[in-house]
Amino acid sequence: MVKICCIGAGYVGGPTMAVIALKCPDVEVVVVDISEARIAGWNSERLPIYEPGLDDVVKQCRGRNLFFSTDVNRYVGEADIVFVSVNTPTKTRGLGAGKAADLTYWESAARMIADVSRSDKIVVEKSTVPVKTAEAIEKILAHNGRGVRYQILSNPEFLAEGTAVQDLFSPDRVLIGGRETPEGQAAVKALKDVYARWVPEDRIITTNLWSAELSKLAANAFLAQRISSVNAISALCEATGADVTEVAYSIGKDKRIGPRFLSASVGFGGSCFQKDILNLVYICECYALPEVAEYWRQVIGINDYQKSRFVNRVVSSMFNTVAGKKVAVLGFAFKKDTGDTRETPAIDVCRGLLGDKAVLSIYDPQVTEEQVRRDLAMNKFDWDHPRHLQPVGETAGQQVLGVAPDAYEAARDAHAVCILTEWDEFRSLDYIRMYDAMQKPAFVFDGRNIVDPEKLREIGFIVYSIGKPLDHWLRDTPAVA
């Protein structure tokens, strides 16, 4: 029996290993993590992450050929293939602070692998890492290997949260990068044989190590670039009276462009886009490519601009102050069908409103009050450290920040509703009921363009939708970001 061990039981490691176990019943798969609480969650009826379809996959395999354990040394030592899926946060101090990836956890994992291994191993980079990380890992393992031989592979993930299980079942591609040596190519084949159990061979791409590492960063940069591009156009649409939805539809019909990632919004979030672009910026600067670095930096600049523009629109529309006014925030996760709040635009929007002394009432169907408060109290980039190492400052008190049990309670006595996540349930709310329970004039600021602004205006709302023609009230109160 081939034995696979994955270090890291997070959003990538857990689902990926669960699907490998399901598709390869003769392979023993163990996910290890030093967090007892996280492993206990994976072994419970309520998994530590929400992802459609994941519960069924885990329950089919757990205890058969899928196991979750805190006994890291044992299972890493026994494994033939070791996936490393640990945090690679952005550095907050020292060389490259604010841009470079912090590889502390990766280096610790590599040293631990060297300490416990007594047999040859294939070590697979699953975390998103800078180009040439494999070279550094090879050096650590070679100098601490005591005769054990290692092959390093890059196998970046291309999962979209909310569809991760489906993405694993039917991936666009599986990318495997390895050394162009006989030993390296043998390791590539070994991992390829695992995926080939359910992925068509023409979707399994093999490259050299550096191409695989860079492909992940480039893919996320390109996707984020599309979002920032349409968001930049959304600002121009509001200024000219164009409709960004119509513009995006027209653009997307061009086969050279396509319709994906052309939905204007309050901004992109998630664990990868900003972090990977900052990493790409730093790498470009290190290789003396300042023009390339600045190009990619502007993708993040537009994203920050869009969030600031949204906050300013809220404040300026409500008589230029939200002090003491209740504002309902619908949605806190960075996208629908996930409970993930990492780099969610809701954090910056909420902080901006709190900075103007608004009273917030937040509702999200998958995000707990504890998580909301942690996120709003956390310093930038600290979210990507293990939970027990996350420094948390002071957050807003109960009087200015509340978490509601549903959308209607969040909106009761509120002056405004801000829609920040495109949950399907927000499309079908009873907005007449909501309007009747709100202060007047009642505002809706749709940061995801999921409601029909004309229908809401008929009810009585003053409505702002990103990139849509402004009504007279909003035209008279321009927002300057």
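Guide: A residue is called buried when its relative accessible area is under 20%, and exposed when that value is over 50%. The model is predicted, and the account below rests on computed values.

The part in view is helix α13, which spans residues 345-355. Its buried residues are Pro-345, Ala-346, Ile-347, Val-349, Cys-350, Leu-353 and Leu-354. After α13 comes Lys-357, whose phi is positive, near 70°.

The cysteines may be taken next. The structure holds zero disulfides. Cys-418 is in no disulfide, and the nearest cysteine sulfur to its own belongs to Cys-350, 8.1 Å away; a disulfide would require the two sulfur atoms to lie within 2.5 Å. Cys-418 counts as buried because its relative accessibility is 0%. Cys-284 likewise is in no disulfide, with the sulfur of Cys-286 the nearest at 9.3 Å. Because its relative accessible area is 8%, Cys-284 is buried.

Tyr-287 lies in the loop between α11 (273-286) and α12 (290-317). Tyr-287 counts as exposed because its relative accessibility is 55%. Together with Leu-289 and Val-292, Tyr-287 forms a nonpolar patch on the surface, and the three residues have about 280 Å² of accessible area together.

Key: Residues are numbered from 1 along each chain as its sequence is written. This is a predicted model: local features need pLDDT of at least 70, side-chain atom pairs count only at pLDDT 80 or more; totals for chains, interfaces and linings use all residues. Side-chain values use heavy atoms; hydrogens and water are left out. Patches are made of residues with over 30% relative accessible area and no salt bridge: like charges are joined within 9 Å, nonpolar side chains (Val, Leu, Ile, Met, Phe, Trp, Tyr) within 5 Å. Accessible areas come from the Shrake-Rupley method with a 1.4 Å probe; for residues, only the protein chains shown count as cover. A salt bridge is a side-chain nitrogen of Lys or Arg within 4 Å of a carboxyl oxygen of Asp or Glu. Helices (H or I, at least four residues) and strands (E, at least two) are DSSP runs, numbered from the N terminus. Buried means under 20% relative accessible area, exposed over 50%, partly exposed in between (1.4 Å probe, protein chains only).
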